[in-house]
Amino acid sequence: MENKETVYSQLLPQVQSLLADEKDTLANAANVVALLHNAFHFWWTGFYRVVDNELLLGPFQGPLACTRIGWGKGVCGTAWASGQTVIVPDVEHFAGHIACSSESRSEIVVPCRVDGKVVAVLDIDSELLGTFDETDARWLEQIVALFDSSAPQCPPVEEELHCPDCGAVFEPHDVFCPVCGNKIDKTQL
Ligand code: SME
């Protein structure tokens with residue numbers, strides 16, 4: 001397979017154009033799942049939505065999955081509760097991991113915010129160990145951020161971007177500053 005940076009960099013404009021052309025979130029979520037799942041051939045790719053104070057299964061591709069997950073439960077509930085992306089290189093070493101499928105060996109869960117509130121999580125499972133790293137986190141956070149039309153989107157690439165904390169130059173897709181490591185607040189640019 002191509003380098004994952006290359007695959008994500010090709011997917012991002014496709015997601016941007018999908019979301020620009022259609023305002024229905026459910027339809028868009030279904031198509032984003034399909035794009036990611038087919039580009040990477042993951043084991044399971046899907047959204048869980050926050051509904052009545054629990055996570056409820058949303059659009060997904062892959063085998064049958066658990067329908068409801070509580071706040072703070074499993075990898076998904078942990079990402080929801082912490083508001084942070086959770087990367088699990090080996091699900092057997094994540095206390096409280098919810099095994100919807102015994103085939104899943106590693107996982108990443110990315111919270112999706114609208115107006116600063118977590119409204120869903122994107123959950124991706126792999127049948128291989130250690131599939132996900134900071135590269136996936138960075139790109140997937142950028143993909144789910146596109147659902148939040150209230151959030152400032154990445155400025156055009158030709159502009160030179162400087163970290164508001166240390167002044168270092170960073171790339172438009174960076175979520176964390178490559179020099180000081182702080183999370184970049186794009187509202188401060
Ligand atoms: N493993 C997840 C549950 C969802 S399935 O992987 C699709 C968790 O621990 O939250």
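Reader: Which residues touch the most other members of the largest nonpolar core?

Author: In this predicted model, the largest nonpolar core has 35 residues, and those that touch the most other members are Cys76, Ala79, Val109, Val110, Val121 and Leu122. In general, nonpolar side chains of soluble globular proteins tend to be buried together.

Reader: With which residues is Val110 in contact, leaving aside its neighbours within four places in sequence?

Author: Val110 is in contact with Ala79, Thr85, Val121, Leu122, Ala137, Leu140, Glu141 and Val144. The word "contact" requires C-beta atoms within 7 Å.

Reader: Why is Tyr8 called buried?

Author: The term requires 20 or more other C-beta atoms within 10 Å. Tyr8 has 21 such atoms, and therefore it is buried. Tyr8 belongs to helix α1, residues 4–21.

Reader: What makes the span of helix α4 close to the expected one?

Author: Helix α4, residues 134–145, has twelve residues. The expectation takes 1.5 Å times one less than the number of residues, which gives 16 Å here, and the helix reaches 16 Å from its first C-alpha to its last.

Reader: Which residues of α4 are buried, and against what do they pack?

Author: The buried residues of α4 are Asp136, Trp139, Leu140, Glu141, Gln142, Ile143 and Val144. They pack against α1, α2 (25–40), β5 (106–114) and β6.

Reader: How do you know that β1 pairs with β2 and with β6?

Author: Pairing requires at least two bridges. Strand β1, residues 44–51, has six bridges to β6 in the antiparallel sense, and six bridges also join β1 to β2, residues 54–61, again antiparallel. The pairing term therefore applies to β1 with both strands. As examples, Gly46 stands opposite Asp123 in β6, while the bridge partner of Tyr48 in β2 is Leu57.

Reader: What lies between β1 and β2 in their hairpin?

Author: Two residues lie between the strands, and Asp52 in the turn has a positive phi of about 50°.

Reader: Which residues come nearest to the ligand?

Author: There are 14 residues around the ligand, of which Gly74, Val75, Cys76, Ile98 and Cys100 come nearest. The largest share, three residues, comes from α3.

Reader: How many residues of the shell around the ligand are nonpolar, polar and charged?

Author: Eight are nonpolar, three polar and three charged. Gly counts as polar in this division.

Conventions
Residues numbered from 1 in each chain as written. Predicted model: local features only at pLDDT ≥ 70, side-chain atom pairs only at ≥ 80, totals over all residues. Near = placed C-beta within 6 Å. Helix = DSSP H or I, 4+ residues; strand = E, 2+ residues; numbered from the N terminus. Buried ≥ 20, exposed ≤ 12 C-beta atoms within 10 Å, placed from the backbone. Contact = placed C-beta atoms within 7 Å. Core = buried A, V, L, I, M, F, W, Y, C linked by C-beta atoms within 7 Å.
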